[in-house]
Amino acid sequence: MDITTIVGVTGAFIILVTFMLNQSGKLSAESRSYDIANAAGSLILVTYAFMLNSIPFIILNGVWFVVSLKDVLRPNKK
């Protein structure tokens, strides 16, 4: 497996596990942990998109990262 694939799989894995934990009720979408995981996964996927030179994927995950980071930095977040 090459480094590009490893980066992509890692980012997707983080986001998918976070989603599954939320759907199963084990991780609230209102928690800081949820937002941190989404920010980390989407930032890794932005890196992956740059490696592929995929502009649509850079935009999608860049927005996902900014929105998640905004919630991470919100002072009253649990």
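Two rings of Phe, Tyr or Trp (its six-membered ring) count as a pair if their centres lie within 6.5 Å, and a pair is edge-to-face when the planes are over 60 degrees apart. By this rule, the model has 1 aromatic pair. Keep in mind as you explore that this is a predicted model. Let's look at that pair, and then at the helices.

**The aromatic pair**

- Tyrosine 48 and phenylalanine 57 make up the pair, with ring centres 6.2 Å apart and planes at 80 degrees to each other.
- Because 80 degrees is over the 60-degree cut-off, the pair is edge-to-face.
- Tyrosine 48 has a relative accessible area of 22%, so it is partly exposed.
- Phenylalanine 57 is also partly exposed, with a relative accessible area of 26%.

**Helix α1**

- Helix α1 covers residues 3–23, and its 21 residues should span 30 Å at 1.5 Å a residue. The end C-alpha atoms are 30 Å apart, which agrees with that expectation.
- Which residues of α1 are buried? They are Thr4, Val7, Gly8, Gly11, Ile15 and Thr18.
- On the face turned away from the buried side, you will find the exposed residues Ile3, Phe13, Leu16, Met20 and Gln23.
- The cover over the buried residues of α1 includes α2 (32–52) and α3 (55–73).
- Just after α1 comes glycine 25, which takes a positive phi of about 80 degrees.

**Helix α2**

- Helix α2 has 21 residues, and the distance from its first C-alpha to its last is 30 Å, close to the 30 Å expected at 1.5 Å a residue.
- Its buried residues include Tyr34, Asp35, Ala37, Asn38 and Ala39. Further along, Gly41, Ser42, Leu45, Val46 and Ala49 are buried too.
- What do the buried residues of α2 pack against? Their packing partners are α1 and α3.
- Just after α2, asparagine 53 has a positive phi of about 60 degrees.

**A closer look at glycine 41**

- Glycine 41 is part of helix α2.
- Is glycine 41 buried or exposed? Its relative accessibility is 0%, so glycine 41 counts as buried.
- Setting aside neighbours within four places in sequence, glycine 41 is in contact with Gly11, Ile14 and Ile15.
- Threonine 18 is 23 residues from glycine 41 in sequence, and their C-alpha atoms are 9.2 Å apart in space.

Definitions and conventions
Residues numbered from 1 in each chain as written. Predicted model: local features only at pLDDT ≥ 70, side-chain atom pairs only at ≥ 80, totals over all residues. Heavy atoms only, no water. Phe/Tyr/Trp six-rings, centres within 6.5 Å; stacked < 30°, edge-to-face > 60°. Buried < 20%, exposed > 50% of the residue type's maximum accessible area, 1.4 Å probe, protein only. Helix = DSSP H or I, 4+ residues; strand = E, 2+ residues; numbered from the N terminus. Expected span 1.5 Å × (residues − 1). Contact = heavy atoms within 4.5 Å.
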